[in-house]
Each structure stands twice: as C-alpha cells, then as structure tokens.
Amino acid sequence: MGEAATELVGTPWQSFVASPSKGSIHAYGMALDIGLLNEKGELVDMGLPYDSFAFYAGKNGEKQALEQGLLTEVQIENRNFLRYVMGRGGWINLPSEWWHFNAAPGDSIRAKYVQPLPLPQ
Ligand SMILES: [Zn+2]
C-alpha cells in the first residue's frame, strides 16, 4: 500500500484514496469525475467542490449534512440529478464522492481488465 493510502487507513478519509495494491478504477480508464454546467457555463452548485474530503462529499453523508445545515435541498437535488442522468447510462456513483462514476462495479473491472498504468513499487 502506498504511503498516503496507508496513513488514511481507519480514518474517515480512507474511502477517498485508492490503495495502490488494488488500484483506482481511473487507472483502468473506466471512471469519470464530472460535474454539471448550467446554461451560462457555470458549475452547478453541489455544496462542495470536486475532490473534497468532507464526510458529506457523497451520498453517504448527505442526509446528516442536510440536518446540520451543511447542504441545502437544492444542492442534494443537483447531486441526485447528476446521479440520475449518469445512472441512465449505466454509470455507478461512488457513495463517498458526488463527482465520481464507474462504468461498472469496481470489483468486476479489476477481475476482468488489466490495469494499464504501472503500480508504484
Ligand atoms: Zn474519481
């Protein structure tokens, strides 16, 4: 396991960094990090920026964040809309990151495909 990934084991941030021993689905070319733009070309408000490590960065923490006033209902609706349109295309949202979508379940990608990028030694 890489140094950064090892330091995060057992912390709330563990789900944000892929262990190099397993590899990120991005390394297979089968994951997207995306957002939405409005008609003016501005990023739609998701309540947190891309790559936030906050507990409510994904679906997992949204209910609690709404109760605590950290997210608004509109921000959650925006996230749900992104998940809905991506889901219609078969993309699977990572529950800890509103912006991350896999083309298939991570375990099936790891089992079926070879990771094209070399793993750190
Ligand atoms: Zn990602």
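This is a predicted model: local features need pLDDT of at least 70, side-chain atom pairs count only at pLDDT 80 or more; totals for chains, interfaces and linings use all residues.

Leaving aside its neighbours within four places in sequence, which residues is Arg79 in contact with?

Mentor: Once the neighbours within four places in sequence are left aside, Arg79 is in contact with Met46 and Trp98. Arg79 itself belongs to helix H3, which covers residues 73-88. Around Arg79 there are 25 other C-beta atoms within 10 Å, and because the cut-off for a buried residue is 20 or more, Arg79 counts as buried. Buried residues account for 20% of the 121 residues in the protein chain.

Now for the rest of the chain. Among its contacts between residues at least 6 apart in sequence, 53% join residues at least 24 apart. The protein chain contains four helices and three strands, and along the sequence these follow the pattern α-β-α-α-β-β-α. The three strands make an open sheet, in the order E1-E3-E2, with antiparallel pairing. Strands E1 (31-33) and E2 (92-93) are at the edges; each has a single partner strand, so one side of each has no neighbour in the sheet. E2 pairs with strand E3 (residues 100-102) in the antiparallel sense, over two bridges. To find this pairing in the view, look for Ile92, which stands opposite Asn102 in E3.

Terms used. Residues are numbered from 1 along each chain as its sequence is written. A residue is buried if 20 or more other C-beta atoms lie within 10 Å of its own, exposed if 12 or fewer, and partly exposed in between; C-beta atoms are placed from the backbone. Two residues are in contact if their C-beta atoms, placed from the backbone, lie within 7 Å. Two strands pair if DSSP finds at least two bridges between them.
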